[in-house]
Amino acid sequence: MDISKQKIEIDCSNCKSIIEVTLKQVADESTISCKCGQKIKLSDKDGSAKKSIKELNKALEDLDNSLKGLFK
Ligand SMILES: [Zn+2]
């Protein structure tokens, strides 16, 4: 499981539709386009998306390791 593929929802500033983007797209500050044609530049203002990906992946890794430990 890769947490960077986790989807989050944002609102289009133009037509207010819900657009699904991945955490990775936010971390990469990708530009996406809405179905209405509006281009939206994703912004990871304080690096929080990157931080979440890092922290969650670490947590998953730890979980994985402790599960492995159970079945030695
Ligand atoms: Zn739109």
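Predicted model: local features only at pLDDT ≥ 70, side-chain atom pairs only at ≥ 80, totals over all residues.

How many bridges join β1 to strand β2, and which way do the two run?

Tutor: Strand β1 covers residues 7–11, and strand β2 covers residues 18–22. Five bridges join the two strands, which run antiparallel. Within this pairing, K7 of the chain stands opposite T22 in β2.

The turn of the hairpin deserves attention. Six residues lie between the strands of the hairpin formed by β1 and β2, and K16 there takes a positive phi near 65°. K16 is not a glycine, yet its phi is positive, at about 65°. K16 belongs to the loop between β1 and β2, and this residue is exposed, since 9 other C-beta atoms lie within 10 Å of its own, whereas a residue counts as exposed at 12 or fewer.

The position of E29 is in the loop between α1 (23–27) and β3 (31–33). E29 counts as partly exposed because it has 13 C-beta neighbours inside 10 Å.

As to burial, β1 itself is hardly covered: among its five residues, the count of buried ones is zero. In the protein chain as a whole, buried residues make up 8% of the 72 residues. L23 is found in helix α1. Leaving aside neighbours within four places in sequence, L23 is in contact with I3, S4, Q6, I8, A49, S52 and I53. L23 also lies 8.0 Å from K50, C-alpha to C-alpha, although the two are 27 residues apart in sequence.

The other helix, α2, spans residues 48–70. Its 23 residues reach 33 Å from the first C-alpha to the last, close to the 33 Å expected at 1.5 Å a residue. Because the number of buried residues in α2 is two out of 23, this helix lies largely in the open. D46 is exposed, because 8 other C-beta atoms lie within 10 Å. The C-alpha atoms of D46 and K7 are separated by 19 Å, and the two residues are 39 residues apart along the chain.

The hairpin may now be placed in the whole. The protein chain has two helices and four strands, and from the N terminus on its elements run β-β-α-β-β-α. The radius of gyration of the protein chain is 16 Å, whereas a compact globule of 72 residues would have one near 11 Å. Taken along the principal axes, the C-alpha atoms fill a box of roughly 55 × 20 × 15 Å. Among contacts between residues at least 6 apart in sequence, 22% join residues at least 24 apart.

Finally, a word on confidence. The protein chain averages a pLDDT of 91, and 99% of the residues score at least 70. Among the elements, β3 has the highest mean pLDDT (96) and α2 the lowest (90).

Notes: Residues numbered from 1 in each chain as written. Buried ≥ 20, exposed ≤ 12 C-beta atoms within 10 Å, placed from the backbone. Pairing = 2+ DSSP bridges. Expected span 1.5 Å × (residues − 1). pLDDT = per-residue confidence, 0-100. Rg over C-alpha atoms; globule rule 2.2 N^0.38 Å. Contact = placed C-beta atoms within 7 Å.
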